[in-house]
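Hello,

Please find the structure below. My notes come after it.

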Amino acid sequence: MGTSLCGEQRGMVDSLEKVCTEIAAAVGPQLGAALTNRVIALVRGLEAKHATEIDVWHKIHQKAEENERKATARSKVLTAEVRSLRAKIERLQRDLAKKNQMVFGSKADRQKREAPTEAEEQITQVPASASDRASAATKRPANDPTRAQEKSKKSRKIARRGPKDYGDLPRVEEIMSEGLCDCGGGTLGYDIREELIAVPAHYYILVRKYPRHRCLKENRIIGTPFKPAIFPGGEMTHSVLAYTMVGKFDWASPYYRQERIARQSGVNIQRSTLSRNVNKVTSEALAPIYDILERHILDESAVLHMDASVIYRQINGRGKVAHRDLVAIARDGHGYGETLPRAVIYYVYPSLTQKVVAELLGGRQLTVQHDGAAVFNELGQAGTSLAAIISTECWAHCRRYFVDEYNYNKTAHADHLIELIARMYRIEEQIRGSSPRQRKRVRRRLTTPIMAEIHRRLHDYRPHHLEKGGMGKAISYALRRWTGLTRFLDDGRIELDNNNVERLFKAPIIARKNSLFIGSDLGERAWAILFSLIQTCLMNSVDPYRYLLWVLDEIARKKPRSEYAELLPWNAPESCHVKRKLPKAKRIILA
């Protein structure tokens with residue numbers, strides 16, 4: 001018999017064979033053989049039927065396995081798609097939260113403040129003077145009525161608004177007589193109340209009369225020389241030009257808005273006229289001052305900050321808008337008491353590339369702090385024109401990745417690193433304004449252990465996070481730039497971050513939002529020159545309008561080009577300066 005029978009069927013066959021043998025022995029060989037053949041035929045029929053059933057079930061099983069494999073493969077595909085979509089949704093949600101924070105948040109990197117350590121407290125401990133001890137000993141009781149009056153006077157200061165201080169504004173006195181009785185009594189005094197009055201900008205026609213007189217010596221008529229002007233005989237006087245330039249590049253008021261404001265005052269000046277005259281006076285009269293400012297910043301500075309932002313240029317005749325990069329190079333040494341004035345220079349390029357960086361900084365020996373973009377990778381590289389430049393990175397950009405990770409995923413490791421970075425910033429607040437030597441000494445003593453702890457934690461946390469995850473990318477960013485992030489420990493002139501130049505893009509970005517785009521090559525040149533001069537004025541507490549008015553008057557008087565260095569913003573006369581309350585630098589007393 002066949003061997004394809006299962007165990008139960010094989011037992012039945014064996015039993016039949018045994019029964020057939022017993023019957024054959026009982027009935028004789030002939031009848032037993034016939035009976036045996038019949039049983040054998042029956043068993044073979046059963047074997048054939050069972051083989052057919054097995055083939056059917058085997059095919060069904062194969063089909064089921066194939067369907068299961070297909071379902072498993074489909075499930076894997078769908079699972080991968082779900083994971084991809086979840087990752088995309090997570091990335092988009094994070095980007096949206098970041099954009100909302102940039103648009104609506106007062107600060108980009110908010111973080112909780114940690115109590116200062118004992119070492120941090122020691123750097124600002126100053127022994128109390130005898131007068132301080134005496135005043136502390138003679139404190140008035142809590143129920144003293146004068147305390148409530150002093151508290152009300154100090155409320156504005158506590159609320160960060162400061163006391164009312166209108167500086168040197170002119171005072172116009174007005175005696176109020178309404179409500180007085182007619183008894184004839186004399187005036188015993190006045191209750192004085194000062195109020196700030198605003199007068200909207202208005203236009204008027206200044207009629208200058210230049211007298212003509214007869215010269216008795218030469219027996220002829222001599223006229224008084226006209227006042228020098230950039231555009232002799234034109235309606236765009238120096239005051240209108242200065243007001244227009246400040247309106248667009250300081251107050252972010254586009255030409256079409258200025259046209260509307262002028263029309264409300266009864267003056268019809270087309271926006272095209274404003275644009276054409278501003279571009280002309282900028283490219284012809286102010287360009288030499290811009291060139292001197294550029295040389296002064298690049299040639300006389302030891303530490304510079306560099307960054308770029310996007311602006312838009314309209315492609316005439318095509319109805320399209322192209323991107324341009326507004327590049328800024330700033331010198332701001334107020335953090336370490338530098339004597340050189342603060343200044344910034346702007347450029348407009350189709351794109352900020354390594355070639356542009358080499359063109360601007362090539363062959364110079366200085367320290368450049370930047371945001372770590374790829375275009376700065378050649379800084380300090382041997383065999384290039386930038387080999388003598390020391391490249392330093394920005395801790396604000398490094399911290400931003402950890403802040404984003406904590407705000408979105410509440411990652412504990414990110415929170416730990418943010419707290420350590422916050423401690424470094426608190427130390428920097430206490431030494432701002434000190435000399436580079438003092439800053440370096442304090443950093444070596446207090447900041448170096450924090451940096452070592454950050455570096456250790458970065459390596460410890462790295463295996464616990466995916467390389468392409470938010471925390472993994474943040475850790476990789478910090479470790480990849482660690483050399484540039486630690487250079488501030490060896491040089492007291494280097495800042496902890498690149499915010500000195502980052503904040504100088506606020507005005508251009510607002511102007512970009514209001515003006516939408518630049519219209520021509522002259523417009524690009526005007527953006528670079530006027531933002532450079534106006535922002536440098538603001539950095540040195542110089543009023544841009546009075547400065548530009550003074551500069552235009554000096555140029556119209558044919559001031560020699562060799563003396564144009566005297567027209568830089570920090571050389572403006574005292575009448576152009578404004579009294580602004582700048583934050584006082586916190587100096588430390590070192591043991």
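Predicted model: local features only at pLDDT ≥ 70, side-chain atom pairs only at ≥ 80, totals over all residues.

Residues are numbered from 1 along each chain as its sequence is written, and side-chain values use heavy atoms, with hydrogens and water left out.

Asn498 sits in the loop between α14 (482–485) and α15 (499–502); helices are DSSP runs of H or I with at least four residues, strands runs of E with at least two, numbered from the N terminus. Asn498 has a relative accessible area of 0% and is buried (buried is under 20%, exposed over 50%, partly exposed in between, with a 1.4 Å probe and protein chains only). Among the residues that Asn498 touches are Met306, Asp371 and Cys394, not counting residues up to four places away in sequence (contact means heavy atoms within 4.5 Å).

In helix α16 (residues 506–515), the buried residues are Ala507, Pro508, Ala511, Asn514 and Ser515. Seen down the axis of α16, they fall within an arc of 125°, so they line one face of the helix (the arc is that of the directions from the helix axis to the C-beta atoms). The buried residues of α16 pack against α6 (238–249), α7 (255–264), β4 (320–331), β5 (343–349) and α17 (521–539). Lys506 and Lys513, on the other side of α16, are exposed. Leu516 follows α16 and has a positive phi, near 75°.

Val56 belongs to helix α2 (residues 29–104) and is partly exposed, at 45% relative accessibility.

Regards
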